[in-house]
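Here's a quick tour of a protein model, going from single residues out to the whole chain. Have the structure open as you read.

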Amino acid sequence: MRPGLLKYDLSGALVHGGAGVPQVVELDELVEHFTMLPDEVALLRNKSGATRLGFALLLKFFGRRGRFPSGRGELPVEVVEFVARQVGVAASELGFYDWSGRAIKLHRAEVRRVLGFREATVEDADKLTEWLVVEVAQVERRPELVREALLARCREERLVPPSSARVTRMVAAALHRGEEVLFARVATRLSPEAVTRLWALVASPEACGDADAALDSDTGADTGAEALLGLIRSEPGSVSLESMLVETDKLLAIRRVGLDADVFADVEVNVVTGWRAQAMVESPSHLREHPEAKTLTLLAALVVSRHREVTDGLVDLLIATVHRIGARAERRVSEELVNAFKRVTGKENILFSIADAALARPDEAVREVVFPAVSGGEATLRDLVHEYKTKGPIYQRTVKTTLRASYTNHYRRGLIRLLEVLEFRSSNTHRPVLDALELIARHSVAGGAATTGNRTYFPVGEDVAVHAGLGGDWEPLVWSTDSQGRRRARRLTYEIATFQALRERLRCKDIWVVGAGRWRDPDADLPPDFDERRVEHYRELRKPLDPTAFITEVRDEMATELDLLDAQLPELAWVEISERASGAIRLTPLDAVPEPTGLRRLKAEVARRWGTVALVDMLKEAVLRTGCVDALASRAVGISPEALAERLVLVVYGYGTNTGLRAVAAGRHGHSEDDLRYVRRRYLTLEAARAIAVRIADATFAARREAIWGGGSSTVASDSTHVAALDQNLLTQWHSRYGGRGVLIYWHVERDSMAVHSQLISCTASEVAAMVEGAVRHGTTMSLEGNYVDSHGQSEIGFGITRLIGFELLPRIKQINKAKLYRLAPGETDRYPRLAPAMTRPIRWELIAQQYDQMIKYATAIRTRTATTEAILRRFTRTANHPTYQAMLELGRAQKTIFIARYLRSRELQREINSGLNVVESWNRANSVIAYGKGGGLATNRRDEQEMIVACLRILQSALVYVNTLMLQDVLDDPNWSDALARDADRRGLTPLFWSHVLPYGEVRLDMTSRLALTEQG
């Protein structure tokens, strides 16, 4: 289904996307839902003209949606024309239909009678509200979805829904009462001791410290670190011993509250997440003002959620700290050796000269025979020995010796303390590592040098666990012989080697942590109801239950693509496959395409008609036309919806431009900095900001005209951009490619420059996981079928998981010359003679068959959001020896072979991928223009603030694209510009992402009553 099309929920109720703009309907939907049946045509006997057409549309619309249209604007053009042809009336006659007179009332009554519906009474409304409270409002908190559930229920009960205003009141009442039920349920589960401790968090300003100031700080400075509530809500610092100790104290403080995660056992995760977000931003005084049950529930959600998050943070610190110890040790040793390092050339000749001289004069002195035989004499031989030592095993042992010293003198205290608060678990496969951790914990004291924790060896008779991490270069450092000739383990060396082994096992979740979120038991990431709902889950993924049928499908597609490439290869002038050292495949670069010169005229005309437009005015126009903040404005308490909408616009602008709320508050609009900060904390959550961006995207899809923009796109391009950020946090990392510390913003942008998803990720995060996450979770009306990525956004695992989820991975592979094509089966070495230089071993189909059900389970986990994509794919890393991982690799290799074969023979596909990635590159260039504040860097250490900046940046750019789309359509409607897209190059290069006419700088002046002169109405 193309973006902007109608979509239907499971109940059959029409879900209207976009901002009330008529949507495009495909032919199959028209035929299925708007075909007039014989008995329906019979109802039109005594009707003609506009009355005949109007009644037919009322009948079909009500039959589909369970309610009547509010007016002509709610009827898509395709529906009107389709029904008009069937009833023999011109579509233009609908303009004469009276939408408020006596006739339409009679028509509505007749439609209700024919379809068996009746108008809802007050008693019906009360019953519906009660049903919402019990069945919906305790699970789903988004008003728009609760509203859809209400309309679907009316349809089931054969009731005409109440008026729109009444429905809004019913939804609000149900949400309020449903939440009160949950508050009361959770509060009754809390022990008296837990209640006392929760109240202590907000009992008085003295108990809370300066938590408000800490939350209001733009820089994330921990001004309320002494207060327990401030400590619980604070973010971890950078990777350091101090951060480990502070986070350990934080976890212990959270545990002292005495809450069990089971207190929210039957409450939906998204509901608890919403409560946690509210408790994170509300000041202690606001929390105290709520009813007791609500205050206790919000604080309990905060404590339980933060327990998981702080545990995850400690695991992150452990992994990063162990890596830092090793990296610094290696760098220190390398710096010491590199100055003395001198590359010795001609090693083979030196060896021959030494051997020849020694054999010729074996009885004479080395200094007299060997040294003269080598050019450079003794100095060359010393350099040769030094080079071996700096590159060979001795170098590695030197690194590990330095690593041990760094661990002992500084980091040991923090790492040992982590063992006291974190509980590690694993399967029996990695039990030796856990036994080693228990041994370390029993005999280690994190204190000073006088403690027993710094003895050289473990006590005699202690059963020292042996694991794989103690081998290799570690073995001679860990094991030694004492004065009595006994083989014993050196404690400190044993500890750091074990921590390194623990790090590797944690990263692929072979070892997991009790009470964690992202680092929890990997089996908990999988859907618990998979076995009971296996058939449904397979159907949702559109996969056959029989693994043989799935393998046959993949194998046949692979055979087809290889056959086509082998047959067409002689005719493909741009690709050559032959034996060569640099790689078998040689692909000629794409030719440059003609420049779309006509677009400069279009942009100049936009600037001439509308002049220089302030960016805040573009955001305002998008907000007014799409109604994207209406849901937030409707929740206003103590403030008018209009004032709240203005403040939301200003907050989004301040965050999106990265200038901050203080700078925006200095403009001309009548709202103070305190007003804006309150609205940010009270109303603009990250989820709300993302919903605003989605609403603007959907409105853009709905507003586009096919004659200008072509058919709806089903593919997106995704890529990351590096942004500098403050580094006193766990997210900011060094990026070698960009040469600085920062974070990555990962975008998903569709063909016509509208972002459908954005993510803030660390520099070392998996871009494959980010790609899958955005493709699955974008939330817009776009039906995504393909994803363009650059080389770092693809992998064999990526090909495998996208095949299972149901969209196509379309990468631009940087080293295509070294790519390999896999064979279908053993013994077919002669099947593709032209492709032989690029071919490798056969696919192991039997492994895919064995693990097929388990692979579907992991794909279902991603689809149903039982865990994040990154948490699930973490098991599938090169350090993991997981059978499902091996099967996923095989499936990925088969799918990658299919793609490469098609990519090599299709010049159009190569251009398509290249063009798509150029779009996301243009989106990244626009970032620096819009988010210009603070040098373009994220000047905060708080992750929630960083994510809000990214979300608001997406809103701003989406608003820019939306308004530019309407402006371009206005220009192209002018008969004088009818030939503006006559050239293919201009039509191909048409984009609404340009900013030559936009003013993002200067004083912020906001007037919600002034509008841009656009003929298209939202």
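Let's start with Lys-509, which is buried at a relative accessible area of 1% (buried means under 20% relative accessible area, exposed over 50%, partly exposed in between, with a 1.4 Å probe and protein chains only). Lys-509 sits in the loop between α23 (491-507) and β8 (511-513). Helices here are DSSP runs of H or I with at least four residues, strands are runs of E with at least two, and both are numbered from the N terminus. Lys-509 isn't a glycine, yet its phi is positive, about 60 degrees.

Asn-658 also has a positive phi, near 70 degrees, and is a residue other than glycine. You'll find Asn-658 in the loop between α29 (641-656) and α30 (661-665). With a relative accessibility of 4%, Asn-658 counts as buried.

## A word on the model

This is a predicted model, with residues numbered from 1 along each chain as its sequence is written. Local features need pLDDT of at least 70 and side-chain atom pairs count only at pLDDT 80 or more, while totals for chains, interfaces and linings use all residues; side-chain values use heavy atoms, with hydrogens and water left out.

Leu-437 belongs to helix α21 (residues 431-443) and is buried, its relative accessible area being 5%. Set aside the neighbours within four places in sequence, and Leu-437 is in contact (heavy atoms within 4.5 Å) with Leu-419, Phe-424, Thr-498 and Leu-502. Phe-424 is 13 residues away from Leu-437 along the chain, and their C-alpha atoms are 8.8 Å apart.

Over in strand β13 (residues 733-735) there's His-735, which counts as buried at 8% relative accessibility. Not counting residues up to four places away in sequence, His-735 touches His-722, Gly-740, Leu-744 and Cys-763.

Helix α9 covers residues 192-202, and its buried residues are Ala-194, Val-195, Leu-198, Leu-201 and Val-202. Looking down the axis of α9, these fall within an arc of 115 degrees, so they line one face of the helix. That arc is taken from the directions from the helix axis to the C-beta atoms. On the face turned away from the buried side, α9 carries the exposed residues Pro-192 and Thr-196.

## The second largest pocket

The lining of the second largest pocket has 33 residues, and those nearest its centre are Ser-915, Asn-918, Val-919, Arg-988 and Gly-989. (On a 1 Å grid over the protein atoms alone, a pocket is an open set of points where a 1.4 Å probe fits, with protein on both sides within 12 Å along at least five of seven lines; lining residues have an atom within 4 Å of a point.)

Which helix gives the largest share of that lining? It's α40, with nine residues. At least two lining residues each come from α26 (598-610), α33 (706-709), α40 (907-930) and α42 (984-989).

## The whole chain

Zooming out, the protein chain has 42 helices and 20 strands. Of its 1018 residues, 53% count as buried. Among contacts in the chain with a separation of 6 or more, 75% are between residues 24 or more positions apart.
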